[in-house]
Amino acid sequence: MPALVLLGAQWGDEGKGKATDLLGGSVDYVVRYQGGNNAGHTVVVGDQKYALHLLPSGILSPGCTPVIGNGVVVDPSVLFSELSGLNERGVDTSKLLISGNAHIITPYNVTVDKVTERFLGKRKIGTTGRGIGPTYADKINRVGIRVQDLYDESILTQKVEAALDAKNQMLTKLYNRRAIAVEQVVEELLGYADKLAPYVTDTVLVLNQALDQDKVVLFEGGQGTLLDIDHGTYPFVTSSNPTAGGACTGAGVGPTKISRVIGILKAYTTRVGAGPFPTELFDEDGEALRRIGGERGVTTGRDRRCGWFDAVIARYATRVNGLTDFFLTKLDVLTGWEQIPVCVAYEIDGKRVEELPYSQTDFHHAKPVYEMLPGWSEDITGAKSFSDLPKNAQAYVKALEEMSGAPISAIGVGPGRDETIQINSFL
Ligand code: GDP
Ligand code: IMO
Ligand code: MG
């Protein structure tokens, strides 16, 4: 019953799409368990580049069944435009399964996301504006709309009424916006029902039966550990649990079933949106990482903030996820630096701190303590095995492994499927 979780070990955009796609050929199911179309997962197959937002990256592997689990929030309009975009490029999407318990991102959730960000002003989170936070808020407040609600008009109408009651008060009285009509929302949502129907099922049952039959299931996280609502840099986080436990709740699979937890780890650090980031660079090195690494958001097109590798964060990711492996990505981007700084600890109010502080105030004050590692200038994009890497690149990987607390089992040396050095098998 091999069940693998693959998740972001930093602030997202570590290369989860590429890693998932790489494994897609050898697994039976790829499951998104949280988040929604705030994700932007890039997959490069030959000369074709795909940007997936809501659909699991396994959709590009013909033998693999892609699953949207109960923990995901689904914007039906995005779902259908993503599906038709893939169909036009010849990708068969007919095997997709969607949990009837997944929550729907309604148009009013998107409105509330945008309006609240605007009114937060300087304190804004820098969300993707896709309605993610408000949809999860409705779920927790028990006024959410689930996929299955589209199949009972009376229940759907009652639920939309309940959800809009307070929101319309807020929109009209606080934010000076127009009220949203219940009938209009119900009509739009009902319009998706028939098209969605072939995909909707009890995914919890399907996945557990698959595991009982020794099928291989891969859980693909969105976002990353430091964006987790419980374990991330709250409040500058997303509204779900990208960490490993989220795979269990977001797919309905018990923790005893999970055999491997793989953390995707960029060889440096990036972040999109607001919030603390100790190793962030504001100089030419930051610019160079952004340029060479192509660090621009797949979902919003925003420039990503860039900085050096932070081992404190990597150790934290190992701990809160129980990581068994790391997949180190984008090592090729670091080619050309004479020396590469790596953050090994923080200095907080004059004291050296080795582990991520739980206090938000302390983390905001954390200054990186750097160790300099020697760089390399050889092109590594063609490397197929660890021994093909220059000695200093090997030493960089080994140093990161030592500091981060789990074996580095694969290394990315380019965006393509083949541009990967596999050290230990994941299966
Ligand atoms: P995700 O959200 O974690 O799936 O990551 P994104 O797709 O948002 O961002 C990662 C970017 O890096 C994408 O453009 C990938 O094609 C690219 N990428 C992934 N792995 C590597 C690698 O090892 N080297 C290089 N140069 N690019 C990579
Ligand atoms: P992938 O899966 C990077 C960030 C946003 C914002 C915060 C909250 O591609 O790694 P939200 O819209 O989720 O309420 O925004 O989270 N964020 C991401 N940053 N990669 C992502 O996804 C992200 N999804 C959300 O920028 O700071
Ligand atoms: Mg991304």
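The stops below visit a metal site, a ligand and a helix in this predicted model.

**Stop 1: the magnesium ion.** Select ligand 3, the magnesium ion, together with Asp13 and Gly40, which are its protein donors. Trace the chain between the two: Asp13 sits in the loop between β1 (3–8) and α1 (16–24), and Gly40 in the loop between β2 (29–32) and β3 (41–45), 27 residues apart. Colour by accessibility next. Asp13 is partly exposed, at 22% relative accessibility, whereas Gly40 is buried at 11%.

**Stop 2: ligand 1.** Display the 19 residues that surround ligand 1; the closest are Lys16, Gly17, Gly40, Thr42 and Asp332. Then inspect the polar atoms facing oxygen atoms of the ligand. A polar side-chain atom of Asp13 is 2.9 Å from one, a polar backbone atom of Glu14 is 3.1 Å from one, and a polar side-chain atom of Arg304 is 3.0 Å from one.

**Stop 3: helix α6.** Select residues 182–196, a helix of 15 residues that spans 21 Å from its first C-alpha to its last. Which residues of α6 are buried? They are Val182, Val185, Val186, Leu189, Tyr192, Ala193 and Leu196. These residues lie on the same side of α6 because they cover an arc of only 125° around the axis. Show the cover over them, which includes α2 (76–88), α3 (107–120) and α5 (153–174).

How values were computed
Residues numbered from 1 in each chain as written. Chains lettered and ligands numbered in written order. Predicted model: local features only at pLDDT ≥ 70, side-chain atom pairs only at ≥ 80, totals over all residues. Heavy atoms only, no water. Donors = N, O, S within 2.8 Å, 3.2 Å for Na, K, Ca; no water. Helix = DSSP H or I, 4+ residues; strand = E, 2+ residues; numbered from the N terminus. Buried < 20%, exposed > 50% of the residue type's maximum accessible area, 1.4 Å probe, protein only. Expected span 1.5 Å × (residues − 1). Arc of directions from axis to C-beta. Contact = heavy atoms within 4.5 Å. Near = heavy atom within 4 Å. Polar contact = N/O pair within 3.5 Å; in protein donor to acceptor, adjacent residues only side chain to side chain.
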